[in-house]
Amino acid sequence: MSDILARLEHSRKTVANYYLLNGLLLLLCFLSFPLLIQAAPVVPFAFLIASVCMFLFFTLKKRKAYTTGFKHDLVESILKEIFTDLYFDPNRGLHNSVIKNTGMMQMGNRYSSDDYIKGKYKDIAFEQADVCIQQVTTDSEGRSHTTTYFRGRWMIFDFNKNFASDLQVRESGFTYAKKKGGWFTPKEEKMKKLELEDAEFNKGFNVYASNDHEAYYILTPHIMQSMKTLRERTKGKLILCFVASRLHVGVNSNDNAFEPPIFRAIDENIVNSIKQEISVITRFVDELKLDRNIYKQG
Amino acid sequence: MDTIFYVLGGIVLLLVIWFIATRNKIVRAEVKIDEAASGIDVALTKRFDVLTKMLDVTKGYAKYEAETLTRVVSLRKGMSMSERSEANAKMDDMLRGINVLVENYPDLKASENYKQLQLSILDVEEHLQASRRLYNGNVTVFNNIIVTFPSSAVAGMMGKSKKEFFEAEAKKRADVKMDF
């Protein structure tokens, strides 16, 4: 591990130096602009062109190599320590149909996903990826407006109970879930809002179910307690969708996981922060006791 | 004079609308209770079936004791909620009896068939718990409507009274332990 950290730290320093050099050239451009624009106008433009060319042809290339090395050499090796049957592809993501087919999220018109991880934890199969869902609109004056519906982690777990109907549990304040109980919801998609016996849970989460009994079957007092704990321990608003005997979890944290630092040293602290990011996955299995697979047979 | 007539007419109209809305609310709450009660019946029947299967498997090893346990529980249609609670408590006893019995037969305990039935009973009990919570939740809503003024007045006119809860005997349930 220390070899990997040393190698990545060397790459990081190289990339950081390129960024600094880029910054320096831009600074020279701005400083020389008022001084030399009359006497030698070519000089500030030369600095600008040099900075842009350097960024495009060297900095980006070095950064890409560094990012690839960081994810494959460091992140993947840590993932392998925790998960079995691991498949990790930083350039691949979850297909948008996976989220769309749950029928639980507003999908906007721009979708991107990367850092795909598939594996098993405590023998529970899961998939996860970073996901960004946005709605881009143009107003009458031609100005573009981007509304981010979701940016964060989307995880899918095998659930330890079989169920046929859909259930949506979204944290209060999770804005862009597909509303299932409104007046304008199509009849075939309509779900009933449920109030469960835990008043604190009802305050923190909105529950929509197509079948009351199955909602109670899934949301046991233990699961409700775990969800409250997960809400406190997880950065970002949560949505949990129970669809086709699988649990989809969206963590709208507005950040990108497993990104390499540029101006922060690669050391044990980085390893710990990667482990923290991975713990978002394991936490759901542990808290919800998904490995307690005693209800499914065969 | 006309103004008074219109005001009184408006008040009467509002009262009629409120009465109909409250009546419908009570009826809907009662329908939900009936639906949830049928869910309890389904879960109890499933539990009884699985327990019967467990006893059938056990009979191969301890015929007399297993038959004694079978006679403890009976389910019939139209049971009151307290009778359902009682039947459920007897099933707890039955399961406890089976567990004690099985302890004497390691071959039976280790058999795949019996293990499958143990998994089934756990799942059935989860469903029964879900039905119980759903039913009791609906009963709470209904009871709150009919004891809270002014909807209690409408409930009184409809002859509605408080519904009984489906009690799970927590102490007995805690004693039921599944070994794997």
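The legends below describe close-up views of a predicted model.

**View 1. The open sheet of chain A.** Nine strands of chain A make up an open sheet, with antiparallel pairing, in the order β1-β2-β3-β4-β9-β8-β5-β7-β6. Its edge strands are β1 (84–89) and β6 (192–194), each of which pairs on one side only. From one strand to the next, the twist averages 20 degrees.

**View 2. The β3–β4 hairpin of chain A.** Strand β3 (residues 124–138) and strand β4 (residues 144–158) of chain A are paired in the antiparallel sense over 13 bridges. Asp130(A) has Arg153(A), in β4(A), as its bridge partner. Five residues lie between β3(A) and β4(A) in this hairpin. In the turn, Gly142(A) has a positive phi of about 85 degrees.

**View 3. Strand β9 of chain A and its pairing with β4 and β8.** β4(A) and β9(A) run antiparallel and are joined by six bridges. Here the bridge partner of Ile156(A) is His248(A) in β9(A). Strand β9 (residues 246–252) also pairs with strand β8 (residues 237–243) of chain A, in the antiparallel sense and over seven bridges. Lys237(A) has Asn252(A), in β9(A), as its bridge partner.

**View 4. Helix α6 of chain A on the sheet.** Helix α6 (residues 221–233) of chain A packs on the sheet, where it touches β5 (167–171), β7 (205–209) and β8. The direction of helix α6 makes about 145 degrees with that of β8(A).

View 5. Arg283(A) is part of helix α7 (residues 268–288) of chain A. Is Arg283(A) buried or exposed? Arg283(A) is buried, yet has no salt bridge. Glu287(A), the nearest side chain of opposite charge, is 7.4 Å away, whereas a salt bridge requires a nitrogen-to-oxygen distance within 4 Å. Leaving aside residues up to four places away in sequence, Arg283(A) touches Leu230(A), Arg233(A), Thr234(A), Gln276(A) and Leu288(A).

**View 6. The contact between chain B and chain A.** Chain A contributes 15 residues to the contact and chain B contributes 12 residues. About 1300 Å² is buried between the two chains, with carbon and sulfur atoms giving 54% of that area. On the chain B side, Glu126(B), Arg133(B) and Leu134(B) lose the most area to chain A, together 44% of what that side buries. The two chains are linked by two salt bridges. One of the residues named above, Glu126(B), meets the side chain of Lys161(A) in a salt bridge with an N to O distance of 2.6 Å.

Terms used. Residues are numbered from 1 along each chain as its sequence is written. Chains are lettered from A and ligands numbered from 1 in the order in which they are written. This is a predicted model: local features need pLDDT of at least 70, side-chain atom pairs count only at pLDDT 80 or more; totals for chains, interfaces and linings use all residues. Side-chain values use heavy atoms; hydrogens and water are left out. Helices (H or I, at least four residues) and strands (E, at least two) are DSSP runs, numbered from the N terminus. Buried means under 20% relative accessible area, exposed over 50%, partly exposed in between (1.4 Å probe, protein chains only). Lys and Arg count as positive and Asp and Glu as negative; His and the chain ends are not counted. Contact means heavy atoms within 4.5 Å. Two strands pair if DSSP finds at least two bridges between them. Axes are lines fitted to C-alpha atoms, for helices over the stretch in contact, and angles run from 0 to 180 degrees between N-to-C directions. Buried area is the accessible area (1.4 Å probe) that two parts lose on being put together, summed over both.
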